[in-house]
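Morning, everyone. Please have a look at the structure on the screen while I talk.

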Amino acid sequence: MSHAIQAERPVFGPRIARFGLYAFLIASAAFFLLPLLLIISNSLKPLEEIRQGNLLALPVRPTFDAWITAWKSACTELECGGVRPGLWNSIKIAIPSVAISTLVGALNGYALAQWKSRRANLIMLLITIGLFIPYQAMLYPTVKILSSMGLFRTYAGIVLVHVIYGLPYTTLLFRNFYVGVPDEISRAARMEGASFLRTFWSVILPISTNILVVVAILQFTGIWNDYLLGLIFAGNDNLPMTVQLTNIVNNARGSVSPNVNMAAAVITAVPTLVVYFLSGRYFVRGIAAGAVKG
Amino acid sequence: MKTWLHRQTFKPDITVAVFFGVVAIFFYGSILWTFYMSLTRSTLMPNYAVVGLDQYVKLFTNYRWLVSCLNMVIFGVLFIVGTLGFGTILAIFADRRIQAESLFRTIFLYPLAVSLIVTGLSWRWVLDPVNGLQGLMRNAGWENFTFDWLTNPDRAIYTLVIASIWHSSGLVMVIVLAGLRGVDNDLWKAIRMEGIPLWRAYLQVIFPGMRPVIASCVVLLMSEVIRGYDLVIAMTKGGPGIATEMPAKFAVDFYFARVNLGLASAASIVMLMLSLLMLLPYFYSEFRKRT
């Protein structure tokens, strides 16, 4: 953010106030960093060091043993494969779900933005309400619909659920973006005789890179971090990483090894954190766009 | 027919219709179905004989449901007030030409990228009475140090509040900061010339002008409260006892573990009604703004 914009922002006058400001910010930063740093640090300890029980102590003899166990041999009630199969399942679920829900959302958002009808407002209202419907009010019928299609607890089923449940959100984000795109662009393509789909594909999509990235990042974060839908719709062969992690942590059988559990938690969090750190600006923009309706 | 087709190639009607059909069936059709089920005695299998509001009567005489609702209110109020307050303070401070602003922002915001499952597990370990904070202080020689909220039925709900404030404050910060950045420099100039103290300037001039921004924060946080499921599962599993049960968990438990379709549907419809009720003021103000 440029300083010129904030030129008139008052600065706390007295030095002491300025000091207090930084003290508060640093304390807040510590609060935000604490849990993550603690579980990373403890996941690097061998079991004896954990048992000695000093959570805050740095690992004396750091080792990746817990990580290796968490990765490939930690046990759930059913099997001992670590979080590795979960990672693969999550990738397998996330990629098509994100791609389809983003592209279809873009198409719908563009259609809605172009659709100059009174009913467009009603549809917008229904979609916005759709964003706030608790999943619980749709879960059982969705189970029934998928069962009747033979898709309940299958790979295709969980992808379909993510796509459909994600559509109101992606559609709304794209619609708000396309409402701001000048009409002339679409009209020019129309004059050339391009169809609606053609206009969308070769004129509109190429100017939408930024919003595509923003929506894809938000969808990826949401789908990767999903627990409830994966638990219900994925089926045992496709359980996503969040479910796998919970199953490992809650497994009563076998020895309790916090360092392995923590390593598993860190591994589960890594993909979305990497996306966040690599795409900070887009992520922030997406959150602001998704939160404050245009 | 040909002219119709030709006309259609230019209009987005078909796309809208297909999409709207899917949304209508999946979302609103599902809701109607759930509502229908809530009027029946369905247990494991759907039973299509309507019996009226029996399930709702059962629901609101169910102790666990009442506790869940009370928990949601306690959790919701503390979480929303805490997150709004903390996030707003962070936004105000970040708006004051601080050093390393982007570093601070990155740190305040990263929890949003972390799933509620990992958030809940992390805080469960940090607050664990034996291995976490309490054990740490006791080992350090402070024998009587007690911080057992996680396992204390009267306090466990507050641990959920702490974890969710940790998770969502960054969201409020970003939204409020965007609002603050939109405040006109002339307004600040005027405030300075009038010599209005800062805290009054924020409370009486800046924030009243940002009402829509704050309203959308509240709506977002409320919907998180009503849907709150993952965090409870990861952190307390509703316990100790039923001290941290929530409506969202009640509904899922009764759908799948206890297979009481009718009661679960009634619970879900009540959750839905609550969500819509909370959206009403928001839509009302949006609607008034447009006309």
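A word of caution before we start. This is a predicted model. Keep that in mind for every number I give.

Let's take chain A. What does chain A contain, helices or strands? It has 14 helices and zero strands. The C-alpha atoms of chain A fill a box of roughly 75 × 70 × 35 Å along the principal axes. Chain A has 294 residues, and 43% of them count as buried. Now think about contacts in chain A with a separation of 6 or more: 74% of these come from residues 24 or more positions apart.

Next, the domains. Chain A is divided into domain 1, residues 15–63, and domain 2, residues 84–291. Taken over C-alpha atoms, the centres of these two domains of chain A are separated by 33 Å. The contact between them takes seven residues from domain 1 and seven residues from domain 2. Look at the domain 1 side of that contact. Here α1 (15–43) and α2 (47–52) of chain A each supply at least two residues. Which of the elements gives the most to this side? That is α1(A), with four residues. By class, the domain 1 side divides into four nonpolar residues, two polar and one charged.

Now zoom in on one helix, α5 of chain A, residues 118–132. Its buried residues are Ile123(A), Ile127(A) and Gly130(A). Where do they sit around the axis of α5(A)? They cover an arc of only 50°, so they are on the same side of α5(A). Turn to the face of α5(A) away from that buried side. It carries the exposed residues Arg118(A), Asn121(A) and Leu122(A).

On to the two chains together. How many residues does the contact take from each chain? It takes 80 residues from chain B and 75 residues from chain A. On the chain B side, helix α2 of chain B, residues 13–38, gives the most, with 14 residues. The residues on that side of chain B divide into 53 nonpolar, 18 polar and nine charged.

Here is one helix pair across the two chains. Two packed helices are described by the angle between their axes and the distance between the axes. The pair is α1(A) and helix α6 of chain B, residues 116–127. Their axes come within 9 Å and cross at roughly 80°. An angle from 65 to 115 degrees counts as roughly perpendicular. So α1(A) and α6(B) are roughly perpendicular to each other. Which residues make this contact? From α1(A) we have Pro35(A), Leu36(A), Leu38(A) and Ile39(A). From α6(B) we have Ser122(B), Trp123(B), Trp125(B) and Val126(B). By class, that contact has seven nonpolar residues, one polar and no charged residues.

Let me finish with single residues. Most residues other than glycine have a negative phi. Now look at Arg153(A). Its phi is near 60°, a positive value in a residue other than glycine. Arg153(A) is found in the loop between α6 and α7 (155–179) of chain A. It counts as partly exposed because it has 16 C-beta neighbours inside 10 Å.

The other one is in chain B. Lys237(B) is not a glycine, yet it has a positive phi of about 50°. It lies in the loop between α12 (230–235) and α13 (247–257) of chain B. With 15 C-beta neighbours inside 10 Å, Lys237(B) counts as partly exposed.

Ser147(A) is found in helix α6, residues 136–148. Why is Ser147(A) exposed? Because it has 12 other C-beta atoms within 10 Å, and 12 or fewer counts as exposed. Ser147(A) and Ser257(A) are 110 residues apart along the chain, and their C-alpha atoms are separated by 39 Å.

Ile185(A) lies in helix α8 of chain A, residues 183–191. It counts as partly exposed, with 14 C-beta neighbours inside 10 Å. Ile185(A) and Leu126(A) are 59 residues apart along the chain, and 28 Å separate their C-alpha atoms.

That's my tour. Thank you.

Methods
Residues are numbered from 1 along each chain as its sequence is written. Chains are lettered from A and ligands numbered from 1 in the order in which they are written. This is a predicted model: local features need pLDDT of at least 70, side-chain atom pairs count only at pLDDT 80 or more; totals for chains, interfaces and linings use all residues. Two residues are in contact if their C-beta atoms, placed from the backbone, lie within 7 Å. Ala, Val, Leu, Ile, Met, Phe, Trp, Tyr, Cys and Pro count as nonpolar, Asp, Glu, Lys and Arg as charged, and the others, Gly among them, as polar. A residue is buried if 20 or more other C-beta atoms lie within 10 Å of its own, exposed if 12 or fewer, and partly exposed in between; C-beta atoms are placed from the backbone. The arc is that of the directions from the helix axis to the C-beta atoms. Domain bounds come from an automatic or database domain assignment. Axes are lines fitted to C-alpha atoms, for helices over the stretch in contact, and angles run from 0 to 180 degrees between N-to-C directions. Angles under 35 degrees count as roughly parallel, over 145 as roughly antiparallel, 65 to 115 as roughly perpendicular and the rest as oblique.
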